[in-house]
Amino acid sequence: MKIVVASGKGGTGKSMVAGNLAFALSSGTPVTLVDCDVEEPDLHLFFPEGPCANTPVHIKVPHINPDVCTLCGECGDFCAFGALLVGKDRVLFFPEQCHSCGGCMIACPAGAIEEADMPVGTITVSHPEKNLTLVTGTLNEGAIQSVAVIRAAKMMAGNTGWIIYDASPGTSCPVVETLEGTEFCILVTESTPFGLHDLALALDVTMQMGIPSGVVINRSDGRDEKAQQFCREHKIPVLATIPFDRRIAEVQGSGTLIARIDPSWKDRFSALAKDCLALWEGS
Ligand code: SF4
Ligand code: SF4
């Protein structure tokens with residue numbers, strides 16, 4: 001089963017939920033945990049370091065042959081992203097603007113543009129626990145092609161068994177790419193006005209993509225009526241409530257997982273996975 005852990009805003013505890021969920025599940029079945037928060041991957045911090053394999057991610061960008069280019073300007077006119085500027089004596093290419101669409105190659109009447117590989121990130125694969133594979137996508141500094149790195153991380157993770165994807169916060173293209181082709185989404189929120197506002201945005205994305213979802217309320221102070229009411233009104237289940245607990249914060253701050261040190265939390269996260277499975281099967 002493919003589950004995304006997402007949230008409308010950063011700092012809600014999304015990675016904590018994804019890490020604990022994967023760890024709890026891995027005691028009984030193989031699990032792949034995929035860090036799709038490629039601008040700031042942090043799931044590796046919860047697991048022991050060990051041997052890992054790195055694979056670079058490249059995108060295709062144009063390479064212009066100045067001996068063939070006639071400076072006609074067609075490529076600059078075609079590129080909707082402003083990645084090509086045709087000057088008096090050369091064509092300037094701004095790789096950070098390029099979306100790798102390949103259109104300029106088709107548009108060039110002189111056949112002066114060839115494809116070249118440009119590195120944008122790295123996929124790291126490790127096996128930090130028995131039964132657990134961690135796939136981490138990392139976007140290169142200065143690069144903007146998060147979607148390409150997320151796509152590569154998802155491909156590396158494959159399609160079998162339990163796969164837990166930790167999405168980047170928000171509701172933009174990287175989140176949509178992470179959700180694509182998955183079966184269930186856990187939306188992590190807090191019972192604050194900002195939390196609820198961003199939950200509504202994230203829920204809108206999952207609904208438009210036709211992906212069933214449920215909510216985990218994190219850092220609850222016991223006064224979650226507004227969040228509960230929101231979930232009732234939108235007919236989405238509250239899957240779990242995690243209290244505002246100093247011990248959980250300390251455990252997390254020390255780089256480990258509450259499910260690793262407390263069997264009752266391991267059981268709670270295993271139950272969360274089973275609830276997701278039941279809801280997906282019933283959807
Ligand atoms: S590949 Fe697409 S985005 Fe990149 S420079 Fe060419 S037209 Fe622009
Ligand atoms: S379209 Fe081709 S020939 Fe025309 S400016 Fe661009 S690279 Fe040069």
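This is a predicted model: local features need pLDDT of at least 70, side-chain atom pairs count only at pLDDT 80 or more; totals for chains, interfaces and linings use all residues.
Me: What makes strand E1 and strand E9 a pair, and in which sense do they run, parallel or antiparallel?
Reply: Two strands count as paired when at least two bridges link them. E1 (residues 2–6) and E9 (residues 184–189) have 4 bridges, in the parallel sense. One of the contacts in this pairing joins valine 5 to its bridge partner in E9, isoleucine 186.

Me: Why are E3 and E11 said to stand at the edges?
Reply: The open sheet has 9 strands in the order E3-E6-E7-E2-E8-E1-E9-E10-E11, and its pairing is mixed. Strand E3 (52–64) and strand E11 (238–243) each have a single partner strand, so one side of each lacks a neighbour in the sheet. On average, neighbouring strands here are turned by 20° against each other, direction ignored.

Me: Which strands does helix H6 lie across?
Reply: H6 (residues 193–208) lies across E1, E9 and strand E10 (213–220), at about 170° to E9.

Me: How do you know that helix H1 is largely enclosed?
Reply: A residue is called buried if 20 or more other C-beta atoms lie within 10 Å of its own. In H1, 12 of the 12 residues are buried, so the rest of the structure largely encloses this helix. Among them are Lys14, Asn20 and Phe23.

Me: And what makes the span of H1 agree with expectation?
Reply: At 1.5 Å a residue, its 12 residues (14–25) should span 16 Å, and the end C-alpha atoms are 17 Å apart, which agrees.

Key
Residues are numbered from 1 along each chain as its sequence is written. Chains are lettered from A and ligands numbered from 1 in the order in which they are written. Helices (H or I, at least four residues) and strands (E, at least two) are DSSP runs, numbered from the N terminus. The expected span of a helix is 1.5 Å times one less than its number of residues. Axes are lines fitted to C-alpha atoms, for helices over the stretch in contact, and angles run from 0 to 180 degrees between N-to-C directions. Two residues are in contact if their C-beta atoms, placed from the backbone, lie within 7 Å.
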